[in-house]
Amino acid sequence: MFTKILIANRGEIACRVIKTARKMGILTVAVYSDADADSLHVTMADEAIHIGGSPSRESYLLSEKVIEAAKRTGAQAIHPGYGFLSENADFCRMCAKEGITFIGPPVAAIEAMGSKSAAKNIMEKANVPLVPGYHGDDQSEAVIKKAADDMGYPVLLKATAGGGGKGMRQVWNESEFSEGFAAAKREAKSSFGDDTMLVEKYLTQPRHVEIQVFCDNHQNAVYLFERDCSVQRRHQKVIEEAPAFSMSEELRAQMGESAIKSAQAIGYQGAGTVEFLLDIDGSFYFMEMNTRLQVEHPVTELITGQDLVEWQLRVAAGEILPKAQHELKINGHAFEARIYAEDPNNDFLPATGTLDFLQPPLESEFVRVDTGVRQGDEVSVFYDPMIAKLIVWDESREKALQRLAKALSEYRISGVTTNIDFLYNLATSAPFVNADIDTGFIEKNQAIIF
Ligand code: ADP
């Protein structure tokens with residue numbers, strides 16, 4: 001096992017990784033920007049190295065600086081967290097060149113999943129079900145439009161380089177195609193510098209159900225069940241839960257096995273998430289694979305009793321998976337709500353300011369708070385304005401939901417506008433309680449949750 005690792009991230013996920021490393025007796029090195037000089041992850045780590053200015057492109061996105069910090073401190077491995085360098089194949093290659101272990105999948109797996117169309121080609125060959133659509137090389141509007149016309153509207157245009165819901169456009173009928181195509185390409189070009197497009201059948205009431213997988217370097221692969229992340233705003237997750245509601249054991253096993261097939265098709269190692277759309281008729285389709293630890297991993301930890309960061313460290317150090325498939329069981333139900341500094345009454349505009357008063361709910365076996373901030377800290381303009389993740393567990397969905405509502409009602413934050421009231425309204429709304437949920441949930445229920 002490593003004796004010292006560097007965490008190439010900030011905020012709650014840096015703190016989360018440090019906690020597990022500490023538990024395992026591994027020393028930690030934090031890196032930080034100007035704005036984060038006094039932040040919690042810096043205080044928690046055994047050592048901390050300043051790597052640059054506040055904007056992430058001057059610090060957390062600078063591969064060279066991060067690697068230099070690892071070399072200087074003698075860290076044997078780098079945990080990238082999520083975002084920043086976590087899915088950057090060049091960074092992964094640089095680590096290898098310097099003899100530093102990248103705590104994540106092999107470069108080839110990151111690259112294979114880096115393009116949505118390349119990923120679809122691979123999954124098609126591996127017999128993983130795909131949403132009907134076109135993801136070919138011929139990028140002429142006529143060809144892509146013909147594919148849309150043939151499969152019938154509505155369709156969804158997606159940037160193959162896309163992520164975070166950017167470069168996506170629904171097109172409801174033939175006459176809107178040209179305009180939507182141009183708009184999606186423009187957004188893709190400006191967000192990713194690449195306007196290659198694919199088109200898919202737009203499912204009108206799907207659920208987003210994703211499978212947590214883990215593979216080691218000894219041919220073992222398991223799935224740690226599913227998370228339902230259907231509650232989204234602009235294709236960004238708001239509340240996640242595990243297990244997914246109304247899943248038969250049969251469907252669970254089918255999706256789990258498909259996810260493992262997807263991972264094995266690209267020689268995967270480490271933690272990965274295979275995202276599927278689950279249609280109302282029970283068919284499911286591969287969407288993409290995220291080659292990193294997900295924001296919402298704690299709900300999986302709470303229902304399986306496993307520490308996924310520990311699994312990542314063990315696999316990266318060459319150990320075999322801590323558990324075999326038959327040893328993994330679902331216990332109870334968990335929810336995660338993302339507490340954000342943002343204004344739900346003003347189009348969710350990110351909020352900034354000082355956390356003058358901050359009192360999270362009391363933590364227990366039922367309530368967990370993953371955060372990277374303390375009272376008095378600043379929520380700045382430089383980074384994602386997530387303040388914390390509130391994660392709750394109980395024996396049943398109903399009881400866990402009561403825990404969530406209570407914990408949200410106990411959360412006290414002043415100084416910065418937050419989405420806590422919005423989350424409370426959402427979590428206590430009748431359709432949420434009744435699990436009448438698909439990816440259109442927020443839009444459909446605006447009248448009752450705002
Ligand atoms: P990104 O990489 O930008 O996050 P994804 O391909 O993962 O994009 O899709 C994000 C979300 O968009 C999904 O969780 C789902 O809610 C919605 N979505 C994606 N593809 C479809 C589709 N074919 N039909 C309906 N909704 C979709």
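**Entry 1: a helix and its neighbours**

I began with what H6 packs against: its buried residues pack against helix H5 (107–114), strand E7 (155–159), strand E9 (197–201), helix H9 (249–265) and strand E14 (284–290). Before going on, I noted that this is a predicted model, where local features need pLDDT of at least 70, side-chain atom pairs count only at pLDDT 80 or more, and totals for chains, interfaces and linings use all residues. Residues are numbered from 1 along each chain as its sequence is written.

My terms for helices and strands are DSSP runs numbered from the N terminus, with helices (H or I) of at least four residues and strands (E) of at least two. I call a residue buried if 20 or more other C-beta atoms lie within 10 Å of its own, exposed if 12 or fewer, and partly exposed in between, with C-beta atoms placed from the backbone. Contact is when two such C-beta atoms lie within 7 Å.

Which residues of H6 are buried? In helix H6 (residues 116–125), I found Lys116, Ala119, Lys120 and Met123. Seen down the axis of H6, these buried residues fall within an arc of 100° (taken from the directions from the helix axis to the C-beta atoms), so they line one face of the helix. After H6 comes Asn127, with a positive phi near 65°.

**Entry 2: a helix pair**

Next I looked up helix H4 (residues 89–97) against H5: their axes come within 9 Å and cross at roughly 175°. That makes H4 roughly antiparallel to H5, a label for angles over 145 degrees. H4 brings Ala89, Cys92 and Arg93 to the contact, and H5 brings Val107, Ile110, Glu111 and Gly114. By class, I read four nonpolar, one polar and two charged residues there. For these classes, Ala, Val, Leu, Ile, Met, Phe, Trp, Tyr, Cys and Pro are nonpolar, Asp, Glu, Lys and Arg are charged, and the others, Gly among them, are polar.

**Entry 3: the ligand shell**

I then turned to the 20 residues around the ligand, of which Glu200, Leu203, His208, His235 and Thr439 come nearest. To be near, a residue has its C-beta atom, placed from the backbone, within 6 Å of the molecule. E7, E9, strand E13 (270–278) and E14 each supply at least two residues of this shell. The shell has seven nonpolar, eight polar and five charged residues.

**Entry 4: His235 and other backbone checks**

His235 has a positive phi near 65° and sits in the loop between E11 and E12. I found His235 partly exposed, with 13 other C-beta atoms within 10 Å. Leaving aside neighbours within four places in sequence, His235 is in contact with Gly165 and Met168. His235 and Gly440 are 205 residues apart in sequence and 9.6 Å apart in space, C-alpha to C-alpha.

Gln219 also has a positive phi, near 70°, and I found Gln219 exposed, with 8 other C-beta atoms within 10 Å.

One runs from Tyr153 to Pro154, with omega near 0°, and another from Ala242 to Pro243, with omega near -5°.

Note on methods:
Axes are lines fitted to C-alpha atoms, for helices over the stretch in contact, and angles run from 0 to 180 degrees between N-to-C directions. Angles under 35 degrees count as roughly parallel, over 145 as roughly antiparallel, 65 to 115 as roughly perpendicular and the rest as oblique.
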